[in-house]
Amino acid sequence: MNWSHSNVIALADHRCTLCEGRGFKIQTPGPCKCVFRKIFRICLDRFRQCAHKSPTNNVRLEMVSRAKNSRQIYGRKNEEYMADFILIAQRTFAPGTTEYKVLIWHFLLGADWKLCMHRLAKDGIRFGNERSFFHLFYRIESNLGRAFAETEPYGIYPLDEYFGGTTHDGERPRTLALVPKVRDAEPVRPPLKTRVAAA
């Protein structure tokens, strides 16, 4: 992703002391961590929306452009997005690490920080205080936010490009429903006057 001022200004936290709400760090190049944390939260919200939708949602028909030919493929975007979310998380934090466990327990399954600390203590991982544990949350958010945006060749952020933006040949993908659409029923129109039968 090409970072520019227009990309990060809306994502920056105006209370951030590192970038002062501008989105770019003052001393070092690149977007601020508050921008990556916001990207992570946007992607996580979409993950939760996809998880709550019906599994038989819809199938998307997309044009895929190759160097010599183009073809159409079918896919379930919601399920693909959830799989990509987990796969990028596994590439960023190896399964079994503290960060990956906290991602699954806290962010995906909804356990609060006390339960996470108690569960990690059983594995022999202890934190000095609550503050150091919350820094782990922030580190997970910023690292995954960067990975979601900068994964090459295709990241899962921005969401509009992932879920039906323009493809390489400039055409918008078409969505086909699994169940045929039911035609809208026409409104009932009673007769305006009754006809009298001829005698």
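**A buried serine and what surrounds it**

Guide: Let's start with S142, which is buried, at a relative accessible area of 7%. Keep in mind that this is a predicted model.

Visitor: Which helix does S142 lie in?
Guide: S142 has a relative accessible area of 7%, and the cut-off for buried is under 20%, so S142 counts as buried. The list of buried residues for one helix includes S142, along with E141 and L144. The helix that holds S142 is α6.

Visitor: How far apart are the end C-alpha atoms of helix α6?
Guide: Helix α6 runs over residues 130-150, which makes 21 residues.

Visitor: What covers the buried residues of α6?
Guide: The buried residues in question include F133, F137, I140, G145 and F148. Contact here means heavy atoms within 4.5 Å. The cover includes α2 (33-52), α3 (77-92), α4 (98-108) and α5 (113-122).

Visitor: And S142 itself, which residues is S142 in contact with, leaving aside neighbours within four places in sequence?
Guide: S142 sits in α6, and α2 (33-52) is among the elements covering the buried residues of that helix. Leaving aside the neighbours within four places, the contacts of S142 are K33, F36 and R37.

Visitor: Which element gives the most residues to the largest nonpolar core?
Guide: That core has 43 residues, and C43, Y81 and F85 touch the most other members. Two or more residues come from each of α2, α3, α4, α5, α6 and α7 (159-162). The top contributor, with nine residues, is α2.

Visitor: What is C43 in contact with, beyond its neighbours within four places in sequence?
Guide: C43 is one of the core residues that touch the most other members, and so are Y81 and F85. Setting aside those sequence neighbours, C43 is in contact with Y81, F85, F148, I156, Y157 and L159.

Visitor: Now the second largest pocket: how many of its lining residues are charged?
Guide: About 220 Å³ of space lies in this pocket. Its lining includes D13, R15, K33, R37, K38 and R41, plus L11, T17 and C34. The lining divides into five nonpolar, one polar and, for charged, six.

Definitions and conventions. Residues are numbered from 1 along each chain as its sequence is written. This is a predicted model: local features need pLDDT of at least 70, side-chain atom pairs count only at pLDDT 80 or more; totals for chains, interfaces and linings use all residues. Side-chain values use heavy atoms; hydrogens and water are left out. On a 1 Å grid over the protein atoms alone, a cavity is a set of points where a 1.4 Å probe fits but cannot get out, and a pocket is an open set with protein on both sides within 12 Å along at least five of seven lines; lining residues have an atom within 4 Å of a point. Grid points are joined across faces, edges and corners, and a volume is the space filled by probe spheres set on the points. Ala, Val, Leu, Ile, Met, Phe, Trp, Tyr, Cys and Pro count as nonpolar, Asp, Glu, Lys and Arg as charged, and the others, Gly among them, as polar. Helices (H or I, at least four residues) and strands (E, at least two) are DSSP runs, numbered from the N terminus. The expected span of a helix is 1.5 Å times one less than its number of residues. Buried means under 20% relative accessible area, exposed over 50%, partly exposed in between (1.4 Å probe, protein chains only). A nonpolar core is a set of buried Ala, Val, Leu, Ile, Met, Phe, Trp, Tyr and Cys residues joined through side-chain atoms within 4.5 Å.
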